[in-house]
Amino acid sequence: MVTINIDGRTVEVPEDTTILKAADQAGVWIPTMCHSEYFEPYGVCRLCSVEVVRGKRSRIVTACNYPIRNGMTIHTNSERVKWLRKVIMEMLISRWPNVKVVKDLAERLGIEKSRFTSLERDESENACILCGMCVNMCNDVVKANVLGFAHTGIERKVVRPFDEKTDQCIVCGSCAHVCPTGHIKMVLEDYRGKKSEFTLGPKTPIYVPTLQAVPRVPVIDAESCIHFQTGGCENCAKVCEPNAINYKMEDEIVEIDVGQVLITTGFDLFDASPMAQYGYGRLDNVYSSLEFESILNSTGPTGGNIVMKNGKEPRAVGIIHCIGSRDTNHHAYCSRVCCMYALKFAHLVRDRTDAAIYQFYIDMRAFGKGYEEFYNRLLDEGVTMIRGKAAEIVEGAWNENGDPSLKIRCEDTLIGKFREIPVDMVVLCNAMEPRKDSDAIRRLFSISKSPDGFFLERHPKLDPTSTATEGVFIAGCSQGPKDIPDTVAQASSAAARILSLISKGEVEIEPVRAMVQDEYCSGCKICNNMCPYGAIEFIEEKKISHVNEALCKGCGTCVAACPSGAMTGNGFTDEQILAELEGLML
Amino acid sequence: MAYRSYLMVCAGTGCVANQSMKIKEKLETEIRKKGLQEEVAVVTTGCNGFCAVGPLMVVQPDGIFYQLLKETDIPYIVEEHFIKGRPVKELMFTPPKEKTPIPKLSDIPFFADQTPIVLRNRGVINPENIDDYIARGGYEAIAKVLTSMTPEQVIQEIKTSGLRGRGGGGFPTGIKWETCRNIPADKHYIICNADEGDPGAFMDRSTVESDPHAVIEGMLIGGYAIGSSEGYVYIRNEYPIALDRLQTAIQHAREYGLLGTNILDKGFDFEIKIARGAGAFVCGESTALMASIEGRPGEPRAKYVHTVEKGLWDKPTCLNNVETWANVPQIILRGAEWFSSIGTGDVSGDPWGGSKGTKVFSLSGKVNNTGLIEVPMGITLRKIIFDIGGGIKDGKKFKAVQTGGPSGGFIPESLLDLPVDYEELTKVGSMMGSGGMVVADENNCMVDMAKYFLSFTQTESCGKCVPCREGTKRMLDILEKITEGEGTEEDLVLLEELSNVVVESSLCALGGSAPNPVLTTLKYFREEYEAHVKDKKCPGHACRKLITYTIDPHVCVDKGHGCHVCAKNCPDGAILGETKQVHTIDVEKCGKCGICYDVCKFDAISVE
Amino acid sequence: MAKPKLALYWAASCGGCEIAVLDIHEKILDVAAAFDIVFWPCAMDFKYQDVRAMEDKSIDLCLFNGSIRNSEAAEIAHMLRAKSKVVVAFGSCALEGGIPGLANLTTKEDILRVVYKDTPSTVTQNGGVYPQTHSKMKEGSIEIPELWETVKSLDQVIDVEYYVPGCPPQPEQIWAVIEHVISGRPLPPKGSILGATDKTCCDECPRDRKEKKIKQFYRPFEIQTDPNECLLDQGMVCMGPATRSGCGALCTKANMPCRGCYGPPPHIVDQGAKMVSALASVIDSTEPEEIERILDQIADPMGTFYRFSLAHSILRRVEKV
C-alpha cells in the first residue's frame, strides 16, 4: 500500500495501480470516455487528464494509465484541469453534438455548447466517436482481430479488414455491447428457435439451463462461446473465485459392458415454423407449448407472470390444439397429452390474469382419472371452447394503444360459422414427435420403429415395453406420446422385466441362425453390411466373415446374399430345403 | 597507388539530383581522353554541405573548391587545371557583391566557421569504401572500447562528455544508456532513428550518405555499453541513396568481421538490421517507431513507462538519433573532456546544465548559402545566418528564423544573438529539434508560415488522441479563415487557447509540439495576425485573398511608356490598357499570382 | 509291365482344352513316357474303329472335354464310357456345358435358320437349304451327326468319375491331376472336383475388398479401374465370389473381371442364381426406379451369369412357347 494525496485528501491505495483506480477507491469521479474494465486503458480521449505534482514539477497526465507512486499529489479538479477538459469537450461537441454519451458528459462538466465549428460535424445520434472500445474489445479480449482503425488524423475510422464483410467475425456481439453510442448494432438475420431454452430471449454462452436444473451448475455452449472460437476472453474464469471453470474439459467416452438396455430417449417438440399459417417464429406473442410452460414457471424468464413481449398483460389468449398432430401433412397420430395440458394452461391463465381465454379443439380427449372432471371445471371457469381447428393467425386490428395484436380465424363447427377471434397471445399445442436422432439410436440397438416414427414395441397390447431385440427395452415417450402417470407405469414395468432377467443370469435365444462355414468363405465381404442387426463381422486375421450368434435373428438375408454358399442357415441348408421340397412333391 | 590529384565529386542527394554523376562520368571520360588516368583519380564523396552551389567538386590535396558545375565545364577544367596547371577562377566561389573568388575550401566562410565532428569525413572519403573510413581512424574507437574499456567505463565517458540526444529531445545520452543497461532482461535492443520526418531537414540523410560507418561504429559502442547484441536502423523509405549506402556499409562491415559474432575476437556479438519507414512522420516518435518495427500500426503510446524499460517487444530499448550515434566514436577516441570543452554550460554537476559538442543544422529559406552546417553549441543565430549563411538573399530584410522543424517555433530579429543551446531555445518558445533552420524575410507572412507548418503536422497526426486529431484540425480551420480574410478577434483568442490545450493534453510529442509555430508567431508577430484580422491585409504579401496589386499610373506611362509586358504575362487577363497608355489591374479578375510584379522592369507595380 | 492307357477326346469344344494339355510344355514328354496314348483325335491318328476294337475298361484314364450336343458326341461318349475305367469331365464344357451351353437359350430351329438363312453374308439358294443328317448322292449317302435341341454336360449323358473345371483348366492343375494318377497315390472319392479348391476365386484374388455398395455397374471398357481395389467394389460384374478357385485368379490379376469358368463353388447347384442373389443384395438404393436403372446397366445378364453353367444349372434351358 502507498500513500497519495488526492484533491487535498490523503488516502492509502494499493501499489501497482493507476490514478483512475485510486481515485475511484477514494470516491473521486474523473470523467472518462474511452475507458472500459474489460481491457487495458487506452488513454486517447484525454478527458481523464489530471494534474500531478512531484516536487516543484507539475504535469498533466491521463489518470487512466498513469501509475501511482508513493507521495504523489494529484489534483483532479484544478482550474487548469477543468479548462483542459472544457476545451476537449468542446472539440467533441463540435463534431458529435447529438451523441448521448457526449452530450451527457458535457452537461455533467457544465458545458452547453462549443465555440468551434467543425467541418466534420456529424449530426447523427449514433455516430462513431472513435473511442476505440470496440477495437480493443475485438483485439485484446475476444482476440478475433476483426476491427481496427484505418486512415490517419482526422480521417480516422473504424473498419473491418479492407472495409468488407468478413468471416473472421465470430458475431459475438462484444463490440456492440461495449459501444457507447449505439453505432454498432447486432442484426438478427434468421430466427429459428432451435433450443427451447434459447427461444425466449438471448442468453450468454455460459448459462444455467433453468433455475430448477439438477445439478444447478452453469454450462458453456461451445458454439457461441468466444473462447472456443478465438482463444480470447476468459472473463468467466477471471471472475470465478473458486476457479471452477475449466475450458479443457472434454467429452468423455466411457465403455460399459451391459447385458440389457432400457431406451428412454424421450421426444422432441414439433417445430411449428413450417406451418406458416400460424406465424410461429414470424409473429410476436405466438408461443409453442414448451415456451409457454417456461413463461408460466416461476424460475422462467418472466418470473411466472403471463406477459407479452412488450411486458403487458394480454387481454385475450387463444390456445390451439393439434398442431402437427392429427394432421395428414405432418403427423397423423394424436399426441395424447395436449388436450389436458391445454386445459391446464387455460386454468392457469384464468388464475393469474383477467384475460379472456379461447380453446380451439377438434375433440376433447380427457381420458384419464379426474380428467373429465377437470374439463367440466374449466367450462365452469368460463373458458370459451370453440370446436374447430384454427385455420390461420393473422395480425390483428385491436390497436387502441398502438399495441400489436393477433386474430385467430377458425370455423366454429358447433354453430356452423366462420369466426375471427381477436387475441393478444396465442399458445400452440405442439405435437410430441420422435427425436431427430431416433433412427441412429434404432440402428445402434437393432430395434424397429412403428409407422409413426416412435420405437416399435414387441406387442402393442401384450408387451409394450420390450422390443424385437432381446435385452433391449423401451419406455416413455420414445415409444409414443404419453403423459407422466403412463410413463411411470411403463418405465417401472420395463425395469421389473430387466431385473428379472438380471436375477436369472442368462437368456435363451432362438436356434434359427446363420453361420459361416469357414472352409468355404473367401472373404468377399458381400454379406458384411447386409445384416440389419449388425451381427456379421469380418475377421482380418483369417480373412473371413463371422456371425455373432447373440445378435443374429435368423432372418436369412445374408444366406441369400452369399455367392459362395459359405453362409448357411442352421436347419435351412440347401440340401434340407430341397429335401423338404422333394418330400412335398412326392 | 598515389595520384597527384584527387577530384572529390560531391554525390550527396542534392548534387546527384543535379546530375553530379553525369559530371563524374564526364570527368572520367575527359581524363582518359587526355591520358591522365594514372595521375588524376575521380572519387565520389558524401554531401559537402554547401548545397546552394552544387554540383560541386574539391580538388585534393590542393583544396580547390569548384561550384555550380555543368557537364560543358568539364573539358575546360581538365584542360586548364590538370594539364596546364591553371585553376579555373570562373568556377570558384565568389561571395555575393565581391569580385575576387576564394579558391580554397578552407577559406570559404561557409566552411571556415564550421566545426565538423559528425561530418568530419564529408567530402573527404568515398562512403562506399570501408577502407577510406578506416584510413581516417575509423573503427579505432570500437577497438579501443573492446580491448580496454568495460561497459560501465564507456557509459561514464559518454556521461562526462555531456552528449545529449540530437533528435530533438536533448536527453542526456549517458544517463539513457545507463538506465537501459540496468533494466534486467534477457535481451536489450539498440535503435538508430533515421526517420527524419521534419520537412526541410536533411542532417541525418547527409550523415548516412556521407559517413554510414560512423553510425555503425557508434551503434557498436552503444551495444557493448548497454549489453545489446541486436540493433535496428529505422530509416525512412524516401532516402534511397542513404539506404543503399547504409546497406553497403553494413555488408562491408560484416565482411571485415566488424559486425556479426565474436567481433575483433572479443566475444562481442552485434548485428544490425534495417527497418524501413513507410511515409509517416509520426513514426519518428520512439513508441510509434517501435510499433512500426514490430509490424503494428505506427501509433504512439503513453510514455509513463519509458521505452528504456519496455520498448521494442517490451524489452529495454535504447533509441538515439543518427547524429547522436555518429558523435560516439569521436568522444571515445578524443575523450569526454575534449567534447565537453565545446559548447555551453557545465555538465559536471547537472547533466542538463549545458549543451555540449556540435550540432548539425540544415540551413534553408531566404539565405544565400543554403546547405548543411555543423557548428559548436553556443554559436549565435546571427553568426549562423549572416556569417555562415551569407546573409539574406537579394539584400532583403531578415524577419524570423524557425528552428526545430514543424515542432519548433519562430525566433524574431530581437533574439538573434541567442546562443544555440537546448535550454535557451526552449525558453523562447522554440526548440533545438533535429536541426532544421528556416529563414524568413520581409516577404514572408508569419501567419502563412505558421499555417504551413501546422498543416504538415495536422496531416501527419495519427489520429489516436482527441486533442491532436480534433484540435489541430480546428486550429488549421481557424488559420484558413484568417488567411482568407474571414478571421475575427475571437478567433485569435480561440486559436491561442486551442494551441495551449493541444500542447498540454496530447498523447505524444507530435501533438505536444505541433502548436509551437502558432504560439511563437502569436507571441512575436501578433501585429501580423491583427493586420489579417482587423485590416484584412497581409503585411508579408503572401496571403492571396488579402493582397492587392496596383499599377502606379505615372511610373507606367512616364517610365515604362505603357510597355504592356505585364498584360501579356498576366494569366488571368486582368490587366487592361493599350500600349503606350496607362495600364490598370481589374481587381475582380486578378489571381494575385504576382507575375506582373516580377516582370515589370520599371517597378510600376506595387503590392499591399 | 504295360503302360496305363490314356485317351483324350473333344466333343462340342473349341480345342482350348487340348492346347491347355500341351501347355504343360516339356512335361508332355513325361506324360508320353508314363502313358500309352491310345486315342487323341486332335494330336494322333487313331480312328473310332480303333476304339471300338478295344476291350471294355481297357483305357485307364479318359480325359473327355467338350459338351454333348449332337449324336456323334453322345455316341462316342457312351463308347468311351464303356471302354474306360475312369472318365474325367475335363474343362468347363464337359463339367457344366460351357459356352456352347448358351445355345439352350434358343431352339435348334432358330439356330439353323439364323446360320443358314438369315445372316447377311449367306447367299441362299432355292429358298435356303439346311444340312440333313442323311444325304443321298450318286456316289452313295453321306451321314452327318444330328444336332440336338439341348446342349448337355457330360454327366448328363454318362456317368463320370471326376471333374476338372476351367475354360481351359490351368496347365498347373492339369499336371497336378496327371501327376497324382501317375504317382499311384489313392484317388479321391468318386465325383470329386480335381484341380481346384473348395473356396471361391476371391480367396486367390489379391485385391482389397471392402463392404460392397454398388451405385452403378460398369463394363470393362467404361472405366479405368484401380489395380488394388476389388473389381466388384468398383462396379464391375465379377463372378469371382460365386466361382470356384484354383485358377490363381488370373483374370482379376489382369484387370478383367472373373467370368466364372471354374464353375460354382462346392454345394452350389446354380452358379448364376447365386450370383444374382448376391449382386441384388449389394445394390445401394431403396428407390425402385433407381434400382431398375442400376440393374439395367448389366448388359447380357444370361451371358454374364450363366456363361458357362447354363446347361448344368437349375434353369437348364429356355422354354419357348
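**Which hand, left or right, does the crossing of α2(A) and α3(A) have?** The model is predicted: local features need pLDDT of at least 70, side-chain atom pairs count only at pLDDT 80 or more, and totals for chains, interfaces and linings use all residues. Residues are numbered from 1 along each chain as its sequence is written, with chains lettered from A and ligands numbered from 1 in the order in which they are written.

**View 1. Helices α2(A) and α3(A) cross left-handed.** Left-handed means that the near helix is turned anticlockwise from the far one by less than a right angle; clockwise would be right-handed. Helix α2 covers residues 79–95 of chain A, and helix α3 covers residues 100–108. Helices (H or I, at least four residues) and strands (E, at least two) are DSSP runs, numbered from the N terminus. The two axes come within 10 Å and cross at roughly 145°. Axes are lines fitted to C-alpha atoms, for helices over the stretch in contact, and angles run from 0 to 180 degrees between N-to-C directions. Met89(A), Leu92(A) and Ile93(A) in α2(A) meet Val102(A), Leu105(A) and Ala106(A) in α3(A). Contact here means C-beta atoms, placed from the backbone, within 7 Å. The residues of this contact are six nonpolar, no polar and no charged. Ala, Val, Leu, Ile, Met, Phe, Trp, Tyr, Cys and Pro count as nonpolar; Asp, Glu, Lys and Arg as charged; the others, Gly among them, as polar.

**View 2. Strand β5(B) is covered on both faces.** Six of the six residues in β5(B), 189–194, are buried. Buried means 20 or more other C-beta atoms within 10 Å of a residue's own, with C-beta atoms placed from the backbone. One side holds Tyr189(B), Ile191(B) and Asn193(B); the other holds Ile190(B), Cys192(B) and Ala194(B). Six bridges join β5(B) to the parallel strand β6(B), residues 230–235. Strands pair if DSSP finds at least two bridges between them. Asn193(B) stands opposite Tyr234(B) in β6(B). Five bridges link β5(B) to β9(B), residues 317–321, also in the parallel sense. There, Ile191(B) stands opposite Leu319(B).

**View 3. Five strands of chain C form an open, parallel sheet.** The order is β2-β1-β3-β5-β9. The edge strands, β2 (36–39) and β9 (162–164) of chain C, each pair on one side only. Neighbouring strands are turned by 30° against each other on average, direction ignored. Strands β3(C) and β5(C) share six bridges. Ile59(C) has Ser84(C) as its bridge partner in β5(C). Helix α4(C), residues 71–83, packs on the sheet and touches β1, β3 and β5 of chain C.

Terms used
Buried ≥ 20, exposed ≤ 12 C-beta atoms within 10 Å, placed from the backbone. Contact = placed C-beta atoms within 7 Å.
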